[in-house]
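Good morning, everyone. Please look at the screen while I walk you through one model.

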Amino acid sequence: MLVIQDLTLHRGKKVLLSGLYAEFTAGQVVVVLGPNGAGKSTLLQSMLGMFTPAAGRITIDGKAVAECSRQDLAEKMTWQGDLPPSEFGLTVSQRLHLSANGPDEAKNQQAMTLMDLAKLKHRALDALSSGERQRVEIAATMVRDNPIWLMDEPTAHLDLRHQVDCLQLMKKEAQQGRLIITVLHDLQQAAAVADTVILLDGNGGAEVGVANEMLTPEHLMPVFGVQIQGEGKLLMPMYFEEKQ
Amino acid sequence: MNDQRTWPLLLSLLVLTAVVMVVSLGIGSHWISPFSPASELDSRILWELRLPRVLIAFAVGGLLALAGAWFQVLLGNPLAEPYVLGVASSAAVGAVAGMMLFPETIWAMSLGAFAGAWIGIASVLMFAHLGTTRLLLAGVVLAAFWSAILMLLLALMPERGVALAYAWMMGDLSRSDIALPYLLLVWGGALLAGLVLARSLDKLLLGEKHAAALGVDVRKLRFGLLLLASAVTAIAVTAAGTIGFVGLIVPHLMRLLLGSLHRAVLLASAFGGGILLILADTAARTVITPAELPVGVLTAMIGVPVFLWLLLRAR
Amino acid sequence: MNKLALSLFCVFWLSPAYAAERILALAPHVCESLFAIGAADQVVGVVDYCDFPEEAKSKAQLGAFHHINVEAALALKPTLVITTDTNTAAIRALSDLGVKVALSAPNSVDGVMQDILFLGALTGHTSDAEALVAQMQQQLAKIRAETANLSVPTFYEVWHQPLYTIGSKAFIHDVMKQMGMRNVFADAHMDSLRIPMEVALAAKPEVVVVPTEKRDVEARELFWKQWLGDDVMVLRANPDLLHRPGPRLIEGMRALLLQWQEKTAERVTVKAL
């Protein structure tokens, strides 16, 4: 469904990524991991055609992203990223309408119910907390019924309950046939949802692999530069040196 | 704020426009009934002096409000406005420069104003990424700079300087250098263009990345908006000089009443700006009778408190 | 000792030696008056528009009246500056450096006469000034006599785009009054005012005076006739004579009156035919 060939990304003189090959099929959750500034968000944006790669190509259903119009891309992929500015007083329901592909009120209602937004429907965005606004963004992703979701830290700002809701949603949507590519920071969350993992090391190197092979202390420790303990779905950084 | 209110509100704005126009036609040195003027002279005053003035005010007010709304989306800043950003002044500089270089051609002034507006926007855009405060600061400083150049140019042409300075600095609706039918046509065209772009503008409210992800060709849209906003500012300035704050007050008020979706906001602003400027001008020509005030004095008196209030509220 | 100093000062102040002032004339009318009373030699510096008589142009130019070049002014070693406005930075600077300051800003026809006498006293040309004023008074008396019973509503067009006229505080207001023209905006107690066209129409002037400067006077005449009918009399005023409260004022008033009388006579003839 989404094929990455020899992708090289530069930001200024810094090489973020060099020569990445990967192929993702529908129905899975791909988690992008890596330290700050490694180019995780940039990788998502290059898939959206919003960041021009230094080399290589990305194709979706056989068509190169670079050759698609913005409209075509917007019908294939949905992007969830930074909280949008709130100065202009958009309401929750207007925000969702701007995202929706069509005037499907039932779908909007469903998304709002799932994200606990029904009571906030007519509130302006600048009257919401960051967590509430993040839920609006996830709902906005849901109402845009596209085969690929690109989610940049979807669990940011969320409380524990809504983090769980969000991860469950991603898993469920992937099982129903969507391709979800998401940037996460929490190893537990990554382990909970990932089918595939892209690990960026911040120096141009990247590794792609099946989640349970990738999410091991041996793979992760050199990339993040911290001690990690545990195995399987229970990975923990070591916050303090343990005194023995 | 909700959508059921949109159409009744727009309809009442339309009715209000008609009422304000008729009443302003009647008001002046003495009351003249727009439906039955008492004498031949009254009828001429009504149709040849008051009606053009009311229509110029309507068109210019609407254009300024539309330009204000566009600038606000373009810069992602609800305090942006042609006058505050110095774009109105740079257009005035361009118009006067055009007039000086090619005194014989009428188009020189309009083209000069357009070039001036374009330069003004380009200079202020360099500061757009630095955030609200610095953008506004840059706008204010640039406005002072353009005003200084304007004064310099006017000082170089003393034979028309002083009176023109008044007109250019504070607005003058008693005549227009652009024929009235054209001005109204431009008003209609600008509104239409705005409505065509409304959906994309809405998406731009979410920021450039979100807009692009939602299928908007942001670069093309921004370029188009720049072209549109500078053309509209230039035409408004050529017609009536620099009149401040209409572009700030009106879109803001309309957003409060109608929410922020542009189809409603632009439609309402095009009429609301017209209404505001007709009212301001009617006051300008009657409050200190027999003398009249420059209309820009009145819009500034309403606009500056509104601007400061918004600035306080913006945290 | 003090008394001695005081009397010495008085002697100095009143002595003919005073006639050797070095004067900065900071207004066209001041310049004209000083030349007219024979004090031309004492004038060392002038400002923009000091263009009469011809010799005035050869004096050192100091720039605009409200914004003179102070350093250039000081280089002329002035002892007296005559100005229409004492409240400018340049005047304060000159005053601080010991240059005497005199105000000459007459705002009425009688004021012009007094001003010329005052300038005569200042420069030691009292008798020349008295002679000039006597002559002007005589001509003014004639004008007054010819227009004694008139009070014709008159509109003075200071500027046309936007439309500006004068209020009761303007010098021209009194000039017109002295020759039988009643300013239709006499109730506006200000110098000049911007007015809407229809307000000018509502005032129903019978005479419109248009200064012959910086505008198409023919077009203005047509414009006013279009609105006020052919009965309105549009007169052209020479601003250099009429706007300057100096010795040529009466000449300007006479010229305007002559124009008015000729047009009135023409009209009577046309009607008689």
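I will go through the chains, their interfaces, and then some details inside single chains.

First, the ground rules. This is a predicted model, where local features need pLDDT of at least 70, side-chain atom pairs count only at pLDDT 80 or more, and totals for chains, interfaces and linings use all residues. Residues are numbered from 1 along each chain as its sequence is written, chains are lettered from A and ligands numbered from 1 in the order in which they are written, and side-chain values use heavy atoms, with hydrogens and water left out.

Start with who touches whom. Contact here means heavy atoms within 4.5 Å. Two pairs of chains are in contact, and chains A and B share the most contacts. What about chain A and chain C? No contact joins them, and their closest C-alpha atoms lie 39 Å apart.

Now the interface of chain B and chain A. On chain B, 26 residues take part, and they meet 25 residues of chain A. The size of an interface is often given as the accessible area lost when the parts come together. For chain B and chain A, about 2,200 Å² is buried, 63% of it on carbon and sulfur atoms.

Next, charges. Side chains of opposite charge can pair when their charged atoms come close. We call it a salt bridge when a side-chain nitrogen of Lys or Arg is within 4 Å of a carboxyl oxygen of Asp or Glu. Between chain B and chain A there is one salt bridge. The partners are B:Lys209 and A:Asp82, at 3.7 Å, N to O.

Which elements of chain B face chain A? Helices (H or I, at least four residues) and strands (E, at least two) are DSSP runs, numbered from the N terminus. α2 (40-75), α7 (180-204) and α8 (208-213) of chain B each supply at least two residues to that side. α8(B) gives the most, with four residues.

Over to chain B and chain C. This contact takes 24 residues from chain B and 19 residues from chain C. About 1,900 Å² is buried between them, 61% of it on carbon and sulfur atoms. B:Leu49, B:Pro290 and B:Glu292 supply 27% of the area that chain B buries against chain C, more than any other three residues.

How many salt bridges cross this interface? There are four. One of them joins C:Arg194 and B:Asp172, at 3.0 Å, N to O. On chain B, α2 and α6 (161-170) each supply at least two residues of the side that touches chain C. The largest share, seven residues, comes from α2(B).

Let's go inside chain C. Two strands pair if DSSP finds at least two bridges between them.

Zoom in on one pair. β13 (residues 207-211) and β14 of chain C run parallel over five bridges. There, C:Pro211 stands opposite C:Ala237 in β14(C).

Last stop, chain A. A:Asp195 forms a salt bridge with A:Lys171, with the closest N and O atoms 3.2 Å apart. A:Asp195 lies in the loop between α7 (187-193) and β9 (196-200) of chain A, and A:Lys171 in helix α6 (residues 160-175) of chain A, so the pair ties together parts that are 24 residues apart in sequence.

Finally, a hairpin. β11 (residues 228-231) and β12 (residues 234-237) of chain A run antiparallel, joined by four bridges. A:Glu231 stands opposite A:Leu234 in β12(A). Two residues sit between the strands, and A:Gly232 takes a positive phi near 60°.

Terms used: Buried area = accessible area lost by both parts, 1.4 Å probe.
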